[in-house]
Amino acid sequence: MKIVCYFLLPSSAAFLTQTVCLDDTTVKFEIWDTAGQERYHSLAPMYYRGAQAAIVVYDITSQDTFGRAKNWIKELQRQASPNIVIALAGNKADLSSKRMVEYEDAQSYAEDNALLFMETSAKTAMNVNDIFLAIAKKLPKSDNPATGPAVNRQQRGVDLRESNESHSSGCCK
């Protein structure tokens, strides 16, 4: 499972994996964090080529990052797989008193563009697991060789519905 995340917040590009257990299936997310930085823009097609999902993250305290998120979404809609699941995440929900992007505006944009939408907080972990679970639920569950396996059965993983310290011995408890 290749998932691309465009975090429009200061950080460096990174790769990580996250495994989500959902019912009797396990979805392994391969996450490329490009940090939304312009220096990675020309490389972006390499990151999202073949991706089955993308998370575009903006900062709710910055109207500029919301505008850039919209540009990344337009590019994904034009260039990525036609069946890609795109999620829009408004990060820094813990700083709602400094909000510059209204929840309703982002939600309306997401609805108009058929995106998943959640506000999150990387600091408090609010909705972080939930957005991955929502994506996992929306992904097609096929083993078509042309598109690659959407879900891997019989794989060990972390159940995000529990504490990150709790590991299951099989798939999902």
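A: Happy to! Just keep in mind that this is a predicted model.

Q: How much of the chain counts as buried?

A: Of its 173 residues, 47% are buried. The accessible surface is about 9000 Å², and carbon and sulfur atoms account for 49% of that.

Q: And what share of the contacts comes from residues 24 or more positions apart?

A: Taking contacts with a separation of 6 or more, 71% are between residues 24 or more positions apart.

Q: Let's go inside. Which residues of the largest nonpolar core touch the most other members?

A: That core has 21 residues, and the ones touching the most other members are Tyr 58, Phe 66, Ile 73, Leu 76, Ile 84, Leu 88 and Leu 115.

Q: Which elements supply at least two residues each?

A: Those are β4 (53-59), α2 (63-79), β5 (85-91) and α3 (103-112). Helix α2 gives the largest share, with five residues.

Q: Switching to rings: how many aromatic pairs turn up in the whole structure?

A: Three. One of them joins Tyr 58 and Phe 66, with 4.9 Å centre to centre and 55° between the planes, which makes the pair tilted.

Q: Are Tyr 58 and Phe 66 buried or exposed?

A: Both Tyr 58 and Phe 66 are buried. They also belong to the residues with the most neighbours within the largest core, as listed above.

Q: Which residues do the ring pairs link into a cluster?

A: Tyr 58, Phe 66 and Tyr 109.

Q: Why does Asn 91 count as buried?

A: Because its relative accessible area is 6%, and the cut-off for buried is under 20%.

Q: What does the side chain of Asn 91 make a polar contact with?

A: One partner is the side chain of Thr 120, at 3.1 Å.

Q: Great, thanks for the tour!

Note on methods: Residues are numbered from 1 along each chain as its sequence is written. This is a predicted model: local features need pLDDT of at least 70, side-chain atom pairs count only at pLDDT 80 or more; totals for chains, interfaces and linings use all residues. Side-chain values use heavy atoms; hydrogens and water are left out. Rings of Phe, Tyr and Trp (its six-membered ring) pair if their centres lie within 6.5 Å; planes under 30 degrees apart count as stacked, over 60 as edge-to-face and the rest as tilted. Buried means under 20% relative accessible area, exposed over 50%, partly exposed in between (1.4 Å probe, protein chains only). A nonpolar core is a set of buried Ala, Val, Leu, Ile, Met, Phe, Trp, Tyr and Cys residues joined through side-chain atoms within 4.5 Å. Helices (H or I, at least four residues) and strands (E, at least two) are DSSP runs, numbered from the N terminus. A polar contact is a pair of N or O atoms within 3.5 Å; within protein, one must be able to donate a hydrogen and the other to accept it, and residues adjacent in sequence count only if both atoms are side-chain atoms. Contact means heavy atoms within 4.5 Å. Accessible areas come from the Shrake-Rupley method with a 1.4 Å probe; for residues, only the protein chains shown count as cover.
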